[in-house]
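Subject: Structure handover

Hello,

I am passing on the structure we spoke about. Please have it open while you read the notes that follow.

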Amino acid sequence: MEHTEKISKDQFEPAIIDSKKSEEISKPSLNFWQDGWLRLRKNKGAVISLVVIILLTILALIGPMISNYEFDRQKTAHANLPPRIPVLENISWLPFDGMRTLNNGTQVNVYEQKDIEDYYWFGTDNLGRDQFSRVWKGTQISLYIAFLAAAIDMIIGVAFGVISGYFGGRIDTFMQRIIEILSGIPNLVVVILMILILEPGIISITIALTITGWVSMARVVRAQVLKLKGQEFVMASRTLGASHSKIMFKHLIPNLAGVIIINTMFTIPNAIFFEAFLSFIGLGLQEPLASLGTLIDAGFKTMRAFPYQMLIPAVVISVIMIAFNMIADGVRDALDPKMRD
Amino acid sequence: MKKSKHTLLFILFLALSVFLAACGGGNEDAEKDNNKTGEESGGLADTQEITVLESAEIPSMDSVMAQDTVGFSMLNNVNEGLYRLDPEQNPVPGLVDGDPTVSEDGTVYTFKLRESQWSNGEPVTAHDFVYAWQRAIHPDTASPYGPYMMVGKIKGAKEAFESGDATKLAVKALSDLELEVTLEQPIPYMESLMAFPTFYPQNQKFVEEKGKDYAKNAENLLFNGPFKMTDWNGVTASSWTIEKNENYWDKDNVTLEKINYNVSKDPQAAANAFEAGEADVTPKLSTPAVIMQYEGDPRLVRWLEPTIFWLKFNQENEALANKNIRMALSLAFDKDAMVNDILQNGSLAANYAVPAEFVRHPETDADFREGNGDMNTYNPEEAKKHWEQGLKELGTDSLEFSLLSGDTETSKTLDTYIVDQLQNNLPGLKINLESVPFSVRLDRENNMDYDILHSGWGPDYLDPMTFSDLWITGGGNNKMAYSNAEYDKLINEANTTLANEPAARFQALQDAEKIFFEDAAIAPTYQRSANILVNDKLEGFTYHLVGPEYSWKFAKLNK
Amino acid sequence: MVKYIAQRVFYMILTLFIIASLTFFLMKLIPGTPFKMGEKMSDAQMEVMLEKYDLDKPVPVQYVSYMTNILKGDLGTSFQFGDAEVSELIGNRIGPSALLGFQALLVGSLIGTLLGIIGALKQNTWADYSSTFVAVLGKSIPSFVFAGLLQYYVGVKLGWFPVAFWKGPEYTVLPTIALAMFPIAITARFMRTEMIEVLSSDYITLAKAKGSSYFDIIFKHALRNALIPVITVLGPLAVSLMTGSLVIEKIFSVPGIGEQFVTSVQVNDYSVIMGTTLLFAFLFIMIILVVDILYGLIDPRIRLAGGKQ
């Protein structure tokens with residue numbers, strides 16, 4: 001306090017109070033999504049993951065074509081060959097040298113043994129089909145299922161949950177009973193029925209997913225809405241005369257972004273493996289089509305003899321899942337209204 | 001950073017140890033099985049106890065109601081009928097004392113029974129046989145195997161089943177130890193048929209006393225076989241135990257003291273349990289990749305089963321009614337590559353409808369297959385000729401069929417292969433694969449709702465007739481509208497006029513098979529091999545080709 | 001509250017009735033025969049079998065008699081298991097599945113919660129990334145692969161725990177771990193998201209400003225508010241864990257109800273399908289009721305009973 005004299009007077013200036021300026025927006029005007037996108041771009045993990053997903057999608061589309069072999073071309077004499085890739089085959093620590101480890105631990109070059117000139121980049125399966133083509137063909141189907149499941153979740157699940165939770169009362173009671181009934185009827189019974197009405201295959205799987213795939217999302221969203229709808233910002237908005245749909249879409253859903261995204265990330269692998277499970281019990285895809293799920297399933301059975309048959313599709317699916325989750329985390333952070341700066 | 005790493009580990013450790021503590025205690029039984037086999041060989045092991053894995057629970061221990069291999073196998077070890085099968089698959093006397101007296105026309109058998117006891121001390125009598133057989137044929141019992149095994153074989157069976165009066169069945173107890181059975185016509189395989197569990201005796205007093213509870217668990221059962229069930233909690237039990245039966249008439253020839261059973265439905269898991277020493281015998285391993293790991297291992301026991309798989313052509317389909325089309329389809333896929341490169345489990349390419357290593361000529365002892373050899377073997381050029389001829393006859397240049405088949409991994413892989421081969425070898429052919437669960441396949445077969453069906457047949461008694469009479473016109477298992485008067489005539493003769501002339505009957509059945517293949521009525525695919533892992537200390541492991549799968553009476557554990 | 005619960009119980013019975021009816025008719029539409037011996041039975045024999053099990057009557061008649069029997073507490077008998085009572089089949093099989101499910105849920109939610117909290121507190125550090133990685137991997141590796149690897153390496157190679165079968169507590173270890181992967185993943189992910197959200201809210205800032213301890217802030221304030229989505233998912237997940245998993249039960253040879261149910265659907269064992277469906281649906285609806293009640297307890301601002309705004 002005693003030192004106040006040391007500050008010279010000319011260091012103070014009167015502020016110019018301009019009522020216009022205080023209304024000025026210093027940041028560029030961005031809507032919710034633009035803002036989200038800007039912040040997502042800053043997240044390195046999410047950007048890399050996005051690139052990975054795009055690359056995998058491209059590979060899934062062109063992969064089956066760049067290999068020299070059709071995904072359903074059989075050649076039993078070439079059954080169960082290990083992976084072999086030109087150039088890389090000379091690097092012994094990479095698993096692409098066409099070597100197979102036998103039970104007793106010795107390594108043999110199966111290609112030389114069988115006198116095969118071909119190069120199967122990811123090896124072959126038990127019918128001598130090219131795994132490279134099959135893995136990417138399978139990725140196509142698994143990605144289709146992933147996007148389908150996500151879309152169903154986002155559209156039906158979110159809408160159902162928001163409406164049920166927001167309006168509450170009778171509407172909620174009624175909608176929750178629908179969920180209970182849908183979850184109560186065994187999925188398996190519904191799916192098996194499909195083979196009567198439709199043929200087993202991608203369409204039956206799509207329908208089966210559509211029927212019950214969104215239930216978990218609807219419940220999670222409803223629970224969050226129940227929590228949020230009593231909070232001040234919703235009340236404020238309502239007092240200001242906002243319509244129900246505006247409250248739901250503008251105020252509730254952005255606040256739900258976190259749970260919606262996390263739940264979607266669980267729906268996707270669930271859907272992918274549900275498809276594999278259906279194939280496992282004979283109701284999913286019909287041969288010679290394949291998905292990552294069915295490839296892993298088939299590979300698992302031969303895991304100890306030919307580990308690569310399971311490993312490669314398992315790695316692909318894990319990469320897809322990890323990338324999806326990184327993107328999801330990024331998107332969640334980017335969209336979270338509380339974290340806007 | 002470092003701190004949080006340790007925290008994480010610590011927390012994981014904590015969670016795990018809490019959880020382990022929660023489920024601690026009482027684990028003595030587990031280690032017991034592990035070290036029972038000694039290092040040095042020679043002589044018997046001190047504890048004659050083994051652990052066997054089965055692929056399924058026991059659905060029924062009531063010999064009249066049993067319908068699956070696990071049930072039959074268990075019944076075979078804890079009970080006994082007139083005969084039982086020995087390690088060489090020959091029927092040897094069980095409860096029968098000496099050879100039966102047979103009437104001149106070969107239709108009336110009188111069996112003399114040896115004195116033996118049920119596990120509750122009561123004697124096993126001829127009345128027990130009469131009771132069990134009558135129970136099996138009575139429609140109210142709704143036994144799955146009773147009518148199937150008796151109708152057409154035992155006199156009065158059909159009448160008894162249709163009228164509901166079981167006493168019409170021609171089986172009589174002449175005295176406590178004398179059983180008279182009258183047949184419709186002579187049955188050359190009578191002794192092996194009598195080894196089938198459906199023909200086992202049941203103690204009337206016990207069954208009726210227990211009523212609904214009969215065969216519900218080990219306590220509600222009676223045993224008269226080499227072993228008795230000491231622990232079985234009923235159909236859902238995933239483990240059970242049998243122990244040596246001290247009341248068994250031939251107990252001196254039974255070495256094993258105790259057999260523990262566990263259910264293991266996954267082949268790799270079963271192999272893992274075997275590797276870990278938790279089991280001495282696995283179920284049949286169906287996955288080629290699992291079998292491959294043990295190729296050349298002395299513990300892998302392999303035998304050829306008399307089970308054949310085939311493509312059935314539904315002749316209600318106009319195109320499949322054409323003989324050339326059927327012939328083309330039969331010749332157009334490489335079965336050798338299929339069994340050698342895909343199945344890789346010792347299965348044989350089947351070019352026949354009566355399996356190899358199944359029945360032998362009654363006089364020359366030559367295998368059934370030696371008479372006819374392979375028929376309709378893989379021949380893509382021939383196939384193409386027939387195909388073009390067939391298409392011309394039908395006035396079309398392309399055909400589309402659906403192939404209905406099972407949903408197991410093996411059948412899916414094989415079908416994918418077969419479809420690929422057929423489509424490549426026969427231009428203008430399109431086949432849609434339909435893999436469905438077994439129950440659906442069965443239903444659609446019964447309703448003949450298919451074009452081509454991949455199915456199989458395992459026999460229930462040691463006689464080629466179990467295969468040959470499948471294909472007679474209107475036969476219960478034909479289900480593909482196949483009809484050939486000449487074939488019918490040969491089968492009918494074998495059943496009637498030739499019934500007492502084994503050699504001529506054998507010849508008739510071989511001739512019938514030839515006709516069947518000239519018609520290309522079916523396209524056989526393969527004859528299946530069984531592969532299981534057996535502890536190499538276990539001697540006298542005995543499997544069977546029909547009915548029950550295993551007999552432990554002859555087995556012993558070496559040091 | 002009492003009125004609310006009474007109302008819910010009424011709805012529960014109604015819902016169960018609808019589920020039972022729909023399942024019954026859908027199931028009857030499935031093609032296939034429940035008789036394994038179908039291949040070998042003559043037509044006359046088939047008729048006898050159909051009559052014995054009332055399958056020769058029209059479906060509506062079967063429906064009425066089945067529903068009447070349920071009201072009497074009779075769930076019927078099984079085809080695949082030689083006439084065993086369905087109630088007994090379910091009773092014998094639910095135990096192991098429920099025990100495994102319970103253990104997996106316990107282990108899963110504990111580890112998951114911890115991973116989630118770590119992830120949220122150390123957001124965007126390697127601890128967060130590895131917790132995410134573990135969670136994602138737990139979800140993207142199919143359970144049969146994980147179970148198979150666990151069985152081979154921990155069971156056969158290391159010999160730490162029994163490979164398979166169901167003979168005592170130590171036999172539950174490997175299947176529980178395999179089964180817990182999913183609850184770990186889902187709890188961790190939801191917990192992280194919610195915690196991040198909660199930790200940035202005003203009342204936590206207030207609590208911090210007030211000088212509440214770190215522990216108090218996390219476990220008293222934040223955790224409780226992050227629970228809503230977690231229990232929403234864990235509720236039904238608990239039911240699905242406790243009603244068994246085909247894959248885990250098959251690989252570890254557990255005599256559970258999951259494997260039995262899938263088999264019964266595949267072999268058209270009608271009465272077992274119905275009995276099990278009713279049980280599963282009942283459990284599911286019960287759990288949803290419990291979760292709905294819990295919402296109010298965890299977050300008093302949520303009022304379900306009135307529902308009037």
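Which residues of α6(A) and α12(C) meet each other? On the chain A side they are A:E180, A:S183 and A:G184, and on the chain C side C:A281, C:F284, C:I285 and C:I288. Please keep in mind throughout that this is a predicted model.

The packing of these helices

Helix α6 of chain A covers residues 169-184. Its axis and that of α12(C) are 9 Å apart, and the angle between the two helices is about 145°. The crossing of α6(A) and α12(C) is right-handed. Sorted by class, the residues of this contact are 4 nonpolar, 2 polar and 1 charged.

Chain C against chain A

Taking the two chains as a whole, 48 residues of chain A are in contact with 49 residues of chain C. On the chain C side, several helices each supply at least two residues, among them α5 (126-140), α7 (173-199), α9 (214-242) and α12 (270-298). Also in that group are α6 (143-157) and α11 (257-266) of chain C, as well as α1 (2-29). The largest share comes from α1(C), with 9 residues. The side of chain C that touches chain A is made up of 31 nonpolar, 12 polar and 6 charged residues.

A helix with a buried face in chain A

Helix α8 of chain A runs over residues 202-212, and A:S204, A:I205, A:A208 and A:L209 are buried in it. Looking down the axis of α8(A), the buried residues fall within an arc of 130°, so they line one face of the helix.

Most residues other than glycine have a negative phi. B:K479 has a phi near 45°, a positive value in a residue other than glycine. B:A481 also has a positive phi, near 60°, and is likewise not a glycine.

Where do they sit? B:K479 lies in the loop between α17 (465-468) and α18 (485-495) of chain B, and B:A481 is placed in the loop between α17 and α18 of chain B. B:K479 is partly exposed, with 19 other C-beta atoms within 10 Å. B:A481 has 16 C-beta neighbours inside 10 Å and therefore counts as partly exposed.

Regards

Definitions and conventions
Residues numbered from 1 in each chain as written. Chains lettered and ligands numbered in written order. Predicted model: local features only at pLDDT ≥ 70, side-chain atom pairs only at ≥ 80, totals over all residues. Contact = placed C-beta atoms within 7 Å. Helix = DSSP H or I, 4+ residues; strand = E, 2+ residues; numbered from the N terminus. Nonpolar A, V, L, I, M, F, W, Y, C, P; charged D, E, K, R; others polar. Buried ≥ 20, exposed ≤ 12 C-beta atoms within 10 Å, placed from the backbone. Axes fitted to C-alpha atoms, helices over the stretch in contact; angles between N-to-C directions. Left-handed = near helix turned anticlockwise from the far one by under 90°. Arc of directions from axis to C-beta.
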